[in-house]
Amino acid sequence: MTSEYNAAQRVLHKLKQNVGEFDLMESTQDSSVVQGAIAQDLQTLSKRISEYRMLARQESNERKRTTMLDRATHMADDHEQLKRRTDKITQRRAMRTTHTDERNELFQRTQGMGRTQMDTAIAMDAQDEEAFWGRSEQLLDGYIEQGMSSLQNLREQKGILQSAHRRVLNVDDTLGLSRGVITMINRRTTQDKIILGGGMAVTCILIYFIVHYFG
């Protein structure tokens, strides 16, 4: 089962490298090869995670089964995060391409203007574009970092709660501890999931308004 986990980790590492390369590519570069590799890696990683989760559920040792399921969950979270990052990069490149096309169209329409006036307008437009993308990228990077940090904190909290949950179950088996404490722990886990979902939703909404109003 370790081999299946290592295979999934290799795919995840390769995927992170491809997404990073895709993010650094200029909008004028042909990204079809990299995008194709990312799409293939996302599909492969999803399959690996499903297979590993299935093996985990078949594990008879409770501790090993719990560890494997936690690993599968973490890999699934990384998969979703990388997929969303790829979608954001694709949208950003599309917006840049559209903006460049509109600028070129404007340039063609203003060929009858004086050369000096035309050059000044183009230079100002280029500066505005660079400033806009600089601000947008900073804001997007900030929200992505906040989302990653929140996700990591929730992962740590989840691990602590699961550990506490197992301890309570062990004590309950031997001493007949009230199920009320276990119910509260399960409720806290559900609340954490709701907070995570809400945080991601708010982040997506903020990114949408940034792109909508600054675009």
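This is a chat about a predicted model of a protein chain and the contacts inside it.

Student: What share of the contacts between residues at least 6 apart join residues at least 24 apart in sequence?
Tutor: That share is 66%.

Student: Let's do charges. How many salt bridges does a search of the whole structure find?
Tutor: Five. One of them pairs Arg85 with Asp23, with the closest N and O atoms 3.2 Å apart. Arg85 is in helix H3 (residues 62–109) and Asp23 in helix H1, so this bridge ties together parts that lie 62 residues apart in sequence.

Student: Is Arg92 buried or exposed?
Tutor: Buried, because its relative accessibility is 12% and the cut-off for buried is under 20%. Arg85 is partly exposed at 31%, and Asp23 is partly exposed too, at 24%.

Student: What about Asp87, which side chain does that one meet in a salt bridge?
Tutor: Lys83, at 3.8 Å from N to O.

Student: Switching to rings. How many aromatic pairs does the search find?
Tutor: One. Tyr5 and Tyr52 make a tilted pair, 5.6 Å centre to centre with 40 degrees between the planes. Tyr5 sits in helix H1 (residues 2–24) and Tyr52 in helix H2 (residues 32–58), so to speak distant parts of the chain, 47 residues apart.

Student: Are those two tyrosines buried or exposed?
Tutor: Both Tyr5 and Tyr52 are buried.

Student: Which residue has its charged end over the ring of Tyr5?
Tutor: Arg71, at 4.4 Å from the ring centre.

Student: Now Arg155. Where does it lie, and what does it touch?
Tutor: Arg155 is in helix H4 (residues 115–175). Leaving out residues up to four places away in sequence, Arg155 touches His74, Asp77 and Asp78. The C-alpha atoms of Arg155 and Asp77 are 9.7 Å apart, although 78 residues separate the two along the chain. Arg155 counts as buried, with 17% relative accessibility.

Student: And Asp192, buried or exposed?
Tutor: Buried, at a relative accessible area of 10%. Asp192 is in helix H5. Apart from neighbours within four places in sequence, its contacts are Leu154, Gln157 and Leu161.

Student: Last one: which residues make the nonpolar surface patch?
Tutor: Ile205, Tyr208, Phe209 and Tyr213, together covering about 470 Å². Phe209 is found in helix H5 (residues 180–214) and is partly exposed, with a relative accessible area of 38%.

Conventions
Residues are numbered from 1 along each chain as its sequence is written. This is a predicted model: local features need pLDDT of at least 70, side-chain atom pairs count only at pLDDT 80 or more; totals for chains, interfaces and linings use all residues. Side-chain values use heavy atoms; hydrogens and water are left out. Patches are made of residues with over 30% relative accessible area and no salt bridge: like charges are joined within 9 Å, nonpolar side chains (Val, Leu, Ile, Met, Phe, Trp, Tyr) within 5 Å. Accessible areas come from the Shrake-Rupley method with a 1.4 Å probe; for residues, only the protein chains shown count as cover. A salt bridge is a side-chain nitrogen of Lys or Arg within 4 Å of a carboxyl oxygen of Asp or Glu. Helices (H or I, at least four residues) and strands (E, at least two) are DSSP runs, numbered from the N terminus. Buried means under 20% relative accessible area, exposed over 50%, partly exposed in between (1.4 Å probe, protein chains only). Rings of Phe, Tyr and Trp (its six-membered ring) pair if their centres lie within 6.5 Å; planes under 30 degrees apart count as stacked, over 60 as edge-to-face and the rest as tilted. A charge sits over a ring if NZ of Lys or CZ of Arg is within 6 Å of the ring centre and within 35 degrees of the ring normal. Contact means heavy atoms within 4.5 Å.
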